[in-house]
Amino acid sequence: MKKLYSIMAVLLAAVLLLSACGPRAVDCSADDVYCVGQVTDLGGIDDKSFNASAWRGVQNALDDDLIASGKYLESQGQSDYARNIQQFLDENTDLIVTVGFLLGVDTAKAATANPNTYFAIVDYSYPDCWPGAVVGTDCGSDVEIPNVRGLTFQTDQAAFLAGYLAAGMTQTGKVGTYGGIQIPPVTIFMDGFQAGVMYYNQQHGANVQLVGWDAATGQGLFTGNFESTDDGRAFAESLMQEGVDIIMPVAGPVGLGSAAVCQETGGCLIIGVDADWYDTAPEYRSVLLTSVLKKIDVAVYDTIQDMVNGQFTGGTAVYTIADGGVDIAPYHDFDNQVPASLKAEIEQLRQQLIDGTLTVNGVLGR
Amino acid sequence: MAMTSARPFIKSRLLPGLLLFLAGAVIYLLFGSGVDWSQQATFGLNPTGRTEALVIPDLTLPVKASVVVLSLVAVFLGAWQMARGIRSSGLAVGLVAFAFVAAFLLWATKDNSFSLVGMLSSSLVRATPIALAALCGVISERAAVVNIGIEGILLISAQTAVIVGTKSGNLYVALIAAILVGGLVGAFHALMAVKFKVDQIVSGVAINIFAVGATSFVSSRFLEKDINGLNNSGTFPTISVPLLSKIPVLGPVLFENNIIVFLMMILVVVLHVVLFYTPWGLRTRAVGEHPKAADTLGVNVFLTRYVNVILGGMIAGLGGAYFTIGAVGRFDEVMTAGKGFIGLAAMIFGKWTPFGAFAASLLFGFADSLQVKLQILGIPIPSEFLLMAPYIVTMVVLAGVVGSAMAPAADGVPYEKN
């Protein structure tokens with residue numbers, strides 16, 4: 001029996017060793033040494049999505065020698081958020097980047113308790129409390145927190161262009177979308193996509209249908225997770241069965257399962273999200289129409305740069321299509337297939353979105 | 001005299017009959033009463049993307065009339081129960097459950113359409129990894145070794161399959177590698193359970209934790225760095241069985257799948273035959289029920305357990321291969337998403353038999369794909385609630401319909417030879 005326990009112990013130690021990887025520590029408590037720590041959401045650091053994108057921002061800062069150390073801790077469950085943040089606090093990390101809407105409450109708690117540490121949170125901003133919400137349980141803070149910068153993105157503007165493009169490119173008259181979990185940073189993509197389709201229908205007197213989301217009722221198609229690529233496959237198959245031929249999956253790596261089935265059957269095209277999938281998932285280039293870019297890496301890099309230059313400000317930094325924080329990617333392999341007139345229309349829409357003569361909410365009628 | 005015979009009559013005839021009446025009324029009130037007579041529901045009966053197949057017209061049904069018919073089925077069953085008594089209560093429950101689901105679908109599809117064939121075929125595909133995990137559980141637990149590490153085996157063999165598949169360029173080699181690695185992890189579990197007599201739950205949990213850590217490590221350190229060289233295997237092509245796949249509705253569902261789905265269906269039959277009609281199966285069951293008696297009669301208990309757990313691991317290895325080379329052609333961290341545990345539930349629900357486990361897996365697969373269709377139809381039920389559907393089915397089924405499932409008597413107990 002004893003032998004057995006020692007074997008178990010070795011196994012467990014191996015597990016712990018395997019999960020604890022990252023560069024060696026430097027003295028982060030020194031004034032001129034900047035350390036950045038990123039706490040991921042459940043999708044993991046290489047989720048092809050917002051965790052990976054934020055991490056790219058940290059790595060770029062490392063490569064440019066802005067900071068001495070950049071580390072990440074992956075959260076395997078929601079109970080890991082607070083623990084991972086505390087781990088970085090214990091290491092005197094200067095800036096803690098928390099990735100994702102779901103870390104909103106834990107980040108606020110840690111930031112309020114440690115006013116001398118900078119925080120940046122992706123896809124979130126404070127104050128986030130609604131009437132009747134309990135601070136610290138339902139929401140993070142009812143006031144702005146000076147040492148936290150919320151990084152938010154008007155992704156609906158970029159998704160609007162993608163929706164317009166999809167409506168112009170569909171052969172079957174049906175385009176589809178689905179999300180991971182029904183939270184605002186996900187549904188904002190779907191809102192924009194829907195608005196784009198609607199606007200195309202208005203402009204062209206067309207009747208392209210969107211399957212998988214209705215902004216008016218808040219009813220849509222969701223996998224309930226950001227992990228299961230098999231779900232992505234099943235959802236794409238299901239959408240194809242209903243006649244959809246262009247799909248925008250807003251579910252991180254789950255969408256790669258959809259891309260796989262599109263490539264296998266040749267029955268659909270994919271619109272990537274967050275990063276340009278042409279670069280991050282090159283194996284699916286042949287079915288990638290475009291990607292809705294959300295440049296989290298740029299936002300994280302900007303924040304790090306501001307901290308190093310002593311210009312860190314709290315509050316909310318909103319990235320829009322006007323400053324290039326969100327956009328759609330080039331058409332790459334589909335450049336020849338997108339009609340020139342459609343390209344021109346999209347270019348014009350981009351301008352209208354930038355100067356504010358066209359808004360997503362306006363098209364959705366709210 | 002009259003009093004003494006009335007009570008069993010009420011209990012055995014009247015009460016179930018009234019319950020069936022009630023079910024009929026509920027079906028009508030929930031799904032029929034708010035619908036207009038003119039509304040219709042359309043169910044697609046042809047597979048998408050294939051035009052050369054025999055095209056049959058889609059099924060269009062008037063919603064209200066159909067729901068009325070379905071509720072009458074339940075009422076009729078109730079009347080029959082009161083008048084004559086129904087022998088098989090399972091059949092009655094099954095029919096009413098079918099009427100309920102069918103009425104629900106009709107109601108959800110009113111003035112709309114969806115592909116019924118598509119839903120059925122994705123039910124089977126979604127059931128495949130669950131069924132393979134369940135079969136792994138069946139074969140191990142029939143020999144009294146609880147294997148809770150199936151989830152871990154799925155993960156490890158999924159990753160093995162994609163790496164070997166990408167490196168070798170041959171998916172069949174990858175499939176064999178995944179099966180062998182599954183067997184290897186099974187062997188480790190068997191060693192722990194049989195030789196060292198560890199608590200089998202602890203060993204299984206250790207396998208799960210190790211699998212998550214190890215595959216995530218390999219994924220982030222190696223696979224991410226070289227996607228095309230390590231993590232892009234492609235998937236098995238769909239095989240259409242000649243002639244059989246042309247059968248309307250059933251053909252595309254059963255006979256147009258990839259090799260892993262076919263292997264799964266074959267395994268269900270083979271395992272059933274082996275377990276119940278061969279000497280090996282008899283020995284296995286004896287070892288699971290009463291190892292001491294089996295030992296006395298000269299059955300090698302340890303060997304039986306080793307072989308069964310290793311075979312189980314190999315079946316789970318096949319299940320793991322489904323996730324990568326059978327579905328998406330790439331590995332992502334924790335991509336198995338708890339299918340191994342659902343497989344264990346399917347095993348219990350199926351009362352430790354291959355066909356039962358398969359049927360249970362189909363039910364989970366059906367709940368899974370039904371949920372997707374319902375979300376697409378945009379019915380006014382929150383998506384979070386629909387996502388719970390497979391798990392609600394699990395609980396209802398485990399608590400109510402199955403009754404007390406009997407595990408093999410010696411399940412989970414290490415055998416001490418003395």
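The points below take up a strand, its neighbours and an interface.

This is a predicted model, in which local features need pLDDT of at least 70, side-chain atom pairs count only at pLDDT 80 or more, and totals for chains, interfaces and linings use all residues. Residues are numbered from 1 along each chain as its sequence is written, while chains are lettered from A and ligands numbered from 1 in the order in which they are written.

**Strand S10 of chain A**
- Helices (H or I, at least four residues) and strands (E, at least two) are DSSP runs, numbered from the N terminus.
- In S10(A), residues 246-250, five of five residues are buried, a term that requires 20 or more other C-beta atoms within 10 Å of a residue's own, with C-beta atoms placed from the backbone.
- One side of S10(A) carries A:Ile246, A:Met248 and A:Val250 and the other A:Ile247 and A:Pro249, so that both faces are covered.

**Pairing and crossover**
- S10(A) runs parallel to S6(A), residues 174-179, and five bridges join them, where pairing needs at least two DSSP bridges between two strands; A:Val250 is the bridge partner of A:Gly179.
- S10(A) also pairs in the parallel sense with S11(A), residues 269-274, over two bridges, and there A:Ile246 stands opposite A:Leu269.
- S10(A), helix H8(A), residues 254-265, and S11(A) make a right-handed β-α-β unit, meaning that, with the strands pointing away from the viewer, the path from the first strand over the helix to the second runs clockwise.

**Contact with chain B**
- In chain A, 40 residues are in contact with 42 residues of chain B, contact being C-beta atoms, placed from the backbone, within 7 Å.
- H7(A) gives the most to the side of chain A that touches chain B, with nine residues.

Key:
Buried ≥ 20, exposed ≤ 12 C-beta atoms within 10 Å, placed from the backbone. Contact = placed C-beta atoms within 7 Å.
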